[in-house]
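Dear colleague,

Please find below the structure I promised to pass on. My findings follow directly after it.

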Amino acid sequence: MRSFFITKKNKEIMQGVYLMKIFILSLILIFVFVLFTGCWDWEELNNVTIVSGIGLDQAEEPGKILLTAQVIRPAALSGSGGESGGTRSGGEGSAETQAVRVLTTTGETVFQAVRKLSTQASNRLLLSHLQVIVISREAAEQGIYDFIDFFARDPEPRLDIRVLVAEKEAGEIMRHPVGVKSIPALCLYRAVQTAALNALAPDITMQEANIRLASETIELIAPIAKIYQEKEIDGEKETRVDIAGTAVFRGDKMVGTLNQQESRGLLWILGEVKTGIIVTEHAEGKQSLEIVKAQSKITPEIRDNELVVKIAVDVTSNLGDQQCSKNLTDPVMIASLEEKQTAEIKKEISGAVKKAQELKADIFGFGDEFRRKYPEQWKKLEQHWAELFPGIKIELEIKSRIKASGALIEPIYQRR
Amino acid sequence: MVLLLIALFIMIILLEIVPLAKEQQWKELIVASVLLIAGFILSMLIMFDIDFPYLAPVISDFVEKWLALPGS
Amino acid sequence: MALEKGRINSTSLTMLIFGFAVGSSIIAPPGRGAGTDAWFAILIGITEGLLIAAVFLLLSKRFPNKTLVEISDLVYGPYLGKIISILFLCYLFHLGSLVLSDFIEYLSSLFLIRTPPIVLVAAMSLICVSAAKKGIEVIARCAVILVYVGLFFYLLTILLLLKNFEIKYLQPVLTIPAEQLLWAAHGAATFPFAETVAFLMVLPFLTNKRDAVPATFKGIIFAGLVLTIDAVLNIGILGASEKVYLYPSYYAITTISIAEIITRVEIVASLLVLAYGFLKIAVLLYGVSLGAAQLCSLRSYRPLVMPVAVLMSILALYNFPNPAEYIRFNNKIYPVYALPFQLVIPLLTLLIAVIKKPDQRDVNSEPKGRRSPTESRRR
């Protein structure tokens, strides 16, 4: 087709049109380059301070908020301080080599405190890269919403911020080194994800927290960050931050906690167990079973004025290690090990349900399930849901399967 | 996952069955479709959590039941 | 009726049989029931495998241009013949799925633990589908390349492993009870050597029919030697701990460390194993599809390859619930389960063919073939 147009006659005309086109295009481009370069909302990295984590406590003064922010020092990150610095070395690292600095202030509201902090930081605070919000237990028990409204309303913080509850003070966690990377807040963010991956605690983002707060039935949960005291080594006291269980809220007020076992029970019901270790005791010893695949399904049922929730869990795991020296890799042993696994999961799930019913907090979203399946009856149920929830019966149907035993087909050493 | 499987089967049909219909190889078409439909039904049943017994234990039990085996 | 126009020569048949027999056996080595004498069990297994092979080779010699499906049609008549063919094809089909699940288990327990097995099955079977569709000639030519490349790396691995080899682990030689040894040998014969019975679907496409016997025997003996060396190496390196590993060959190779430079070669070895497995699955897939097409007297087997592969993949996911059943099936059940298909069907067909129609040719030149069935039956 093309060769048809480019005949000898057309060639010159074509070239002229082509040159014209290029000319006009370059004019437009120059125009664009000159006039549309900047925008009003530009930010220079020099003029902002990036906040990586925020801890919120109640100030000693009643009604006031104590805000602790972890801000990043880009200079320390890019230089040699990036790897060796951080706050990991405790007091050793000098202020110059630390990748983050912790700033504290109080304020009547969260926003006021954030603005007050910007003078301390000497720059405007940039919240777009905020990773975690930690709220102290005390504050959470008073009502978490006062603290997180700002982070939902302000356009800068993203919805993938992790929301945590500090076992004691939130500020202390912000000040404490976490993990192996130079920015503790980022480590905490990863720690939450890793804990969720290993089914130790739920992974609650701002988005998930908002959904749960907005919903009338499903209650808010959040992972708990805790500072563990360890043994003294060489005169120095070692402490570390870790994720420990789940905080349970009713409305926006924290009412209790789930320990790690109950947290996994919760995750089983939510269908969010991805991997993890189930420890069973069988044949005079302990075994760990590595979960490789897990699915769960909740089916609510109304049976003559009784609310029943059927929970079907389908688990596949591998035999990860064994402490007894019996040969577990024979069909009969595997079958009984599968039974043990089922029992363990049952224990975890019923533990979580029992605790949630004691706390009268529908953290599993059973209400939502009833609403979806029985929209008519739900209108009646809804009004009494708080009273009905503790009376719900659960029926467990657990299918467990042990698929592999790693590289070994029998233990290397068997006690005789 | 289910959708992916259906897409896979549709692709197989387009690539395998449609050419047969074009070439009017009806007998081939019937045999291939029967096998494919069997495969489709089986995989759908698996997707919808119908548990099939594993084959090896079934054969093992059968053989052990009917033959006294020498110990290994 | 020419469903297959491709022809293979004797070299590629040998290579194909070699790849077929080594196939999945190098990840799940045969003869392990015999403990440190596994190598001896394999050697006996080769002999038994050759005897079983002699039976189907004799059968193929009587009907040089026919696959088993066509042979049984001729020998048993249209109805009984179809039943026998279906039984045989079911065995090939099941064998294919077993090999497939062997590889899936191997990959998913060592490397790709969290990958859904269905993805692995799909990847593996798709390659085999494309090979099987192209015909036996392509598979055979693949075999030649893959076997040479594989052998090169295999020899390299042996050289690298020799440093870690301890002959003392193999001693004392031949101490296990004869019964156990023979059972292990029988296990080795049925898996993998006698599985070459699947070549009843392939042998008619040999260019020179006279080469069938030497080519098959060469392939089996060759594969047997490789497996024997593999068994010797495994025991010589892993010693007493050899018996506890699900995949001893893999763990033997992980010990390679030459000046800490040549290390972690097990992935390369695994890839080669995968290549041999591809040959085995492709041949079985081809055999089943071709057989099914002949059974329904279709004009082409190619449309059946994909549906058969789909079914084979589904079955592969539903073979073994856990390693315990895997071991039980492989060690105890399979040697018995496979015998009717590997030995009884070819032998019965051969005998009936001999009785029904007095031969035009002399098939009695190999008395070994006659004696073998009774011997194997006694076990």
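In this predicted model, helix 2 (residues 38-62) of chain C packs against helix 13 (residues 339-356) of chain C at an angle of about 40°, and their axes are 9 Å apart. Since angles under 35 degrees count as roughly parallel and 65 to 115 as roughly perpendicular, helix 2 of chain C is therefore oblique to helix 13 of chain C. The crossing of helix 2 of chain C with helix 13 of chain C is left-handed. On the side of helix 2 of chain C, the contact is made by C:I52, C:V55, C:F56, C:L58, C:L59 and C:R62; helix 13 of chain C contributes C:Q342, C:L343, C:P346, C:L347, C:T349, C:L350 and C:A353. By class, the residues of this contact comprise 10 nonpolar, 2 polar and 1 charged.

Turning to the chains, 2 pairs touch, and the most contacts are between chains B and C. That contact takes 29 residues from chain C and 26 residues from chain B. On the side of chain C that touches chain B, two or more residues each come from helix 7 (178-190), helix 11 (302-317) and helix 12 (323-337) of chain C. The residues of that side are 20 nonpolar, 4 polar and 5 charged.

The contact of chain A with chain C involves 17 residues from chain A and 16 residues from chain C. Strand 13 of chain A gives the most to the chain A side, with 4 residues, and that side divides into 10 nonpolar, 3 polar and 4 charged residues.

Finally, no contact joins chain A and chain B; their closest C-alpha atoms lie 9 Å apart.

With kind regards

Note on methods. Residues numbered from 1 in each chain as written. Chains lettered and ligands numbered in written order. Predicted model: local features only at pLDDT ≥ 70, side-chain atom pairs only at ≥ 80, totals over all residues. Contact = placed C-beta atoms within 7 Å. Nonpolar A, V, L, I, M, F, W, Y, C, P; charged D, E, K, R; others polar. Axes fitted to C-alpha atoms, helices over the stretch in contact; angles between N-to-C directions. Parallel < 35°, antiparallel > 145°, perpendicular 65-115°, else oblique. Left-handed = near helix turned anticlockwise from the far one by under 90°.
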